[in-house]
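Here's a quick tour for anyone meeting this structure for the first time. Take a look at the model, and then we'll go through some of its charged pairs and one of its sheets.

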Amino acid sequence: MGVSDVVTVLLLLVLINLSNHNIKGIDAFHRIYEKLQSQSVESVNHLHRTGFHFQPPKHWINDPNGPVYYKGFYHLFYQYNPQGAVWGNIVWAHSVSKDLVNWEALEPAIYPSKWFDIGGTWSGSITIVPGKGPVILYTSLNQNKTQMQSYAIPQDPSDPYLRKWIKPDDNPIAVPDWTMNGSEFRDPTTAWFSKDGHWRTLVGSVRKHRGIAYIYRSRDFKHWVKAKHPVHSKERTGMWECPDFFPVSLTDFNNGLDLDYVGPNTKHVLKVSLDLTRYEYYTLGKYDSKKDRYVPDGDSPDGWDGLRFDYGNFYASKTFFDYKKNRRILWGWANESDTVDDDRLKGWAGLQVIPRTVLLDSSKKQLVFWPIEEIESLRSNYVRMNNHDIKMGQRLEVKGITPAKADVEVTFYVGSLEKAETFDPSFTFKPFDLCKLKGSNVTGGVGPFGLITLATPDLEEYTPVFFRVFKDTSTHKPKVLMCSDARPSTLKQDQGPSPKEKMYKPSFAGFVDVDLSDGRISLRSLIDHSVVENFGALGKTVITSRVYPVKAVKENAHLYVFNNGTQTVNVESLNAWSMDSPSQMNDGGL
Ligand code: DQQ
């Protein structure tokens, strides 16, 4: 073992240790809780269940799979344990919707039943193949747990509900060869058709700690051949789960592109979910379709410090192109951050975030995300606030809506940045540490200011979401930190000696790439009992947090705007709505 190998191993050990703090219920290597995975749920505890997020009536869920718009319906499949509230026994559960808000649950689409998938039906995607209809590509595990790629087709492609799926006998369509790691080979992407007459799909993997996205080609969507080189790989990033690969337009910042779009003015996005840390990153770059190689742009960090779709509790995400509205939509899984024991007692675990549109930011350096417009149909009671100064230490209550189930949009005017603190460059890649260090209460110059969600009036419990503005003397630009700090979110005590038995209360954070030249910054928060989704600067930085207040619940929860910086901040406009619940999801026999 050379010095660099020793360094790599040490680095990985540190990361594995770190990752243990990030996750629970499912760990980096899909180890399962033997005793709990099939322990049926006696009753469902509703205290922290969400009001307008996607959740089945009970049990464990994880990755969104195969989202697609087909014959008037949006389909969402997802990894689901029909027998318990922890990961295990995974099937593809299936729901349909006409508007991405109200869902009808159907029977699971695929579940282990054939020799090639008896060991598991894991994540994958759907491609609409002309002449065939929708085809599922998924990771199937045989009885030895070898990971392979398989396909399934609808029994009746004319059925808009796509209720029944068939797994043809010529499966699997891709098996790991001797150069590959058979227990780390999964999550095929939606395929795209190229001018050379081939379909292409990516499959995530790892080799010697190098994260890999293999590319497979097929002429008939049945016989697939691995390209000589991976489309992309990166050393020391570990297993790449759930890759996602799609083009974005460099000239049209309002519409999404389908996967097979070819044109001069595009870039590609490659997103990977890092099994070691349980967070994702993406790069923007150029895809050379002749060489089947993807090269990230020089200023798009490729690795642990990369850009993220969401800087919070968000994983295994997947986009799809919505033909109906010409947009690319992102789904992502928000895991619980309470304990495995809590999940067992609650009888449920996991949710899907509100779907988000994905566009290239006009800077062309990053993406922007925004909750789909359909979610606004749930807005009810409305209150507003205009032109309110908030001096240092002040807190203003937003009254007249249901704070535990709300949609809030606020624009702050911060004015001069003269009082902003100097940015310490050692935090450049450590926004979490900076958020943890300063929190929402340490007085700053410009900020911390923002929203206090899910709060008791005496702030025994609260989840603050806020900005803190620094001066970056190297760039002469403001450095804007955005935080969602779960530390004060609950009075419930951390329990148990091991990380998985302890509640996880992270100080999630990211920087927001804005110059504040007009003195303004906006924040939108979707608050839903145990989940808060936050969109800074119109979706440039997004942070999702899971929190479990015991007092600030339902009608006892409050919402405030606050400022703990010496510079007075003006709430230029605040619009807030109570949110209704969508029509009940029927349980489809789940
Ligand atoms: N979850 C699936 C895998 C995927 C992982 C198994 C990501 O296919 O890699 O439930 O959360």
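## A buried pair

Let's start with Lys 167 and Asp 117: both are buried. Keep in mind that this is a predicted model. "Buried" here means a relative accessible area under 20%, so that's the range for Lys 167 and for Asp 117.

The two side chains form a salt bridge, and their closest N and O atoms are 2.7 Å apart.

## A pair that's partly exposed

Now over to Lys 325 and Glu 373, whose side chains meet in a salt bridge at 2.8 Å, N to O. Here too, distant parts of the chain are linked, the partners being 48 residues apart. You'll find Lys 325 in the loop between strand E19 (315–322) and strand E20 (327–334). Glu 373 belongs to the loop between strand E24 (367–371) and strand E25 (379–390).

Are these two buried or partly exposed? Lys 325 has 33% relative accessibility, so it counts as partly exposed. Glu 373 comes in at 47%, so it's partly exposed as well.

## Another pair, and a network

Asp 518 and Arg 520 also form a salt bridge, this time with the closest N and O atoms 4.0 Å apart. Asp 518 is partly exposed because its relative accessibility is 44%. Arg 520, with a relative accessible area of 34%, is partly exposed too.

Some charged residues join up in a network: Glu 184, Arg 186, Glu 241, Asp 275 and Arg 278 are linked by salt bridges. How many salt bridges turn up in the whole structure? A search finds 43.

## A five-strand sheet

Strand E4 shows up again in an open sheet of five strands, in the order E4-E3-E2-E1-E21, with mixed pairing. Why is one side of E4 and of strand E21 (348–349) left without a neighbour in the sheet? Both stand at the edges and each has a single partner strand, so there's nothing from the sheet on that side.

At the E21 end, strand E1 (residues 59–70) pairs with E21 in the parallel sense, over two bridges. If you want to find the spot, look for His 59: its bridge partner in E21 is Trp 348.

Terms used:
Residues numbered from 1 in each chain as written. Predicted model: local features only at pLDDT ≥ 70, side-chain atom pairs only at ≥ 80, totals over all residues. Heavy atoms only, no water. Buried < 20%, exposed > 50% of the residue type's maximum accessible area, 1.4 Å probe, protein only. Helix = DSSP H or I, 4+ residues; strand = E, 2+ residues; numbered from the N terminus. Pairing = 2+ DSSP bridges.
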